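Thank you all for making time this morning.

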Amino acid sequence: MQTLPSTQNAALAAQLEFAINDKTKPPGSLGRLEQLALQIGLIQQTTTPELVAPAMIIFAGDHGVVAEGVSAFPQDVTWQMVENFLAGGAAINVFARQNGIALHIADTGVNHDFGVRPGLWNTKIAPGTRNFAKVAAMSAQQCETAIQNGRALIADITGNVIGFGEMGIGNTTSAAAIMHKLTGILVADCVGAGTGLSAQGISHKQSVIEAAVALHSHVQQPLDVLAHFGGFEIATMVGAMLEAAQRRMVLLIDGFIVSSALLVAARLQPAILDYCVFSHQSDESGHARMLAALQVQPVLKLDLRLGEGTGAALVYPMVQAAVNFLNQMATFSSAQVSEKSQ
């Protein structure tokens with residue numbers, strides 16, 4: 001695997017900081033937008049970054065672990081929501097349209113035959129993973145195929161901004177197991193309500209994960225963790241994230257499940273964090289701890305826990321604002337505004 005380059009460049013960072021501070025405002029007064037402008041400039045290696053053809057991919061897949069009763073909704077909701085995405089009726093469709101983001105849906109392993117459909121990319125490996133409470137969710141070869149599929153999807157994206165969303169009943173269970181294995185955080189602190197489990201349901205979900213972790217106690221390496229506990233949508237996302245960063249794209253990271261894919265990618269290629277904008281802190285209870293483990297700060301906190309890439313779509317105007325103020329805002333000299341007294 002080719003080593004992902006860091007975006008860090010001291011000389012360029014100094015030029016960007018000068019350009020940011022020379023705008024007609026007190027230093028630091030645009031807060032997080034200034035940090036985003038610096039980050040995007042470093043990603044694109046320029047003092048005049050631009051955002052081109054933003055896109056979003058929703059990765060959909062089913063999970064065998066649903067057989068253990070870990071979700072408040074039946075598995076059929078996965079394919080039904082994919083139909084909703086294709087019909088343009090989901091929250092992510094609304095937010096993507098609002099912000100001019102091209103939306104793509106990838107069937108990575110949904111337990112349904114959609115046929116050939118406009119707007120649907122078929123990367124189906126199998127009709128869902130196996131039940132990781134009994135066996136590994138996928139084989140090592142299936143995991144590698146999913147990663148390569150994700151890389152190939154990015155080759156079809158023409159722009160330089162990519163958002164990540166997901167759909168898969170049971171995938172918060174996979175994400176929590178991955179989080180536990182790769183961070184060492186207690187399972188109880190990784191597990192949340194998902195689609196709306198009761199306290200009893202959350203307790204059962206925790207027990208299922210703890211038993212599965214004990215069953216697969218020998219698994220340690222990131223790719224092995226992904227294969228044993230992940231979903232096809234999570235594994236495909238890992239490949240897409242790695243390829244997008246390799247192409248110096250801005251990665252808009254959504255909530256808990258997308259962050260679990262990023263956690264795997266970051267364990268493989270730590271420099272990928274340089275390319276990521278963490279859109280929001282999900283209301284799924286484990287997400288704040290996952291972000292802390294990654295040592296990153298989300299831009300928004302809106303108590304979202306929908307998934308679909310909604311948080312990534314909502315943060316895009318902030319990313320636009322960061323680039324636009326850097327490129328369009330007057331400087332003290334051009335506007336003939338006096339600077340701060342020495």
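Predicted model: local features only at pLDDT ≥ 70, side-chain atom pairs only at ≥ 80, totals over all residues.

Which residues of H9 are buried? Pro222, Val225, Leu226, Ala227, His228 and Phe229 are the buried ones in H9, where buried means under 20% relative accessible area, exposed means over 50% and partly exposed lies in between, with a 1.4 Å probe and protein chains only. Residues are numbered from 1 along each chain as its sequence is written, and side-chain values use heavy atoms, with hydrogens and water left out.

Helix H9 spans residues 222-229 and is mostly covered, with six of its eight residues buried; helices here are DSSP runs of H or I of at least four residues, strands are E runs of at least two, and both are numbered from the N terminus. The cover over those buried residues includes H5 (140-155), H6, H8 (199-215), H10 (232-246) and H11, with contact taken as heavy atoms within 4.5 Å.

In helix H10 we find Phe232, which counts as buried because its relative accessibility is 1%. Leaving aside neighbours within four places in sequence, Phe232 is in contact with residues including Thr108, Ile125, Met138 and Gln142.

Let me turn to the sheet. It is open, has six strands in the order S3-S2-S1-S4-S5-S6, and its pairing is parallel, two strands being paired if DSSP finds at least two bridges between them. Strand S3 (120-122) and strand S6 (276-278) are the edge strands, each pairing on one side only, and the twist from one strand to the next averages 25°. Angles run from 0 to 180 degrees between N-to-C directions, and axes are lines fitted to C-alpha atoms, for helices over the stretch in contact. Between S4 (residues 161-167) and S5 (residues 250-253) there are three bridges in the parallel sense, and Ile162 stands opposite Leu251 in S5. Helix H11 (residues 256-268) lies across S4, S5 and S6, and runs at about 115° to S4.

Now the pockets. On a 1 Å grid over the protein atoms alone, a pocket is an open set of points with protein on both sides within 12 Å along at least five of seven lines, and lining residues have an atom within 4 Å of a point. The largest pocket holds about 490 Å³ of space, a volume being the space filled by probe spheres set on the points, which are joined across faces, edges and corners. Its lining has 31 residues, with Gly194, Thr195, Arg305, Leu306 and Gly307 nearest the centre. H6 gives the most to this lining, with three residues.

The second largest pocket, at about 380 Å³, is lined by 18 residues, and those nearest its centre are Arg32, Gln39, Leu273, Cys276 and Val296. H2 (32-44) and S6 are the elements giving two or more residues to this lining, and H2 gives the most, with six.

Finally, Gln45 sits in the loop between H2 and strand S1 (55-61). Why does Gln45 count as partly exposed? Gln45 does so because its relative accessible area is 35%. The C-alpha atoms of Gln45 and Arg248 are separated by 9.1 Å, although the two residues are 203 apart along the chain.

Key:
1 Å grid on protein atoms, 1.4 Å probe; cavity = no way out; pocket = protein on both sides within 12 Å on 5 of 7 lines; lining within 4 Å.
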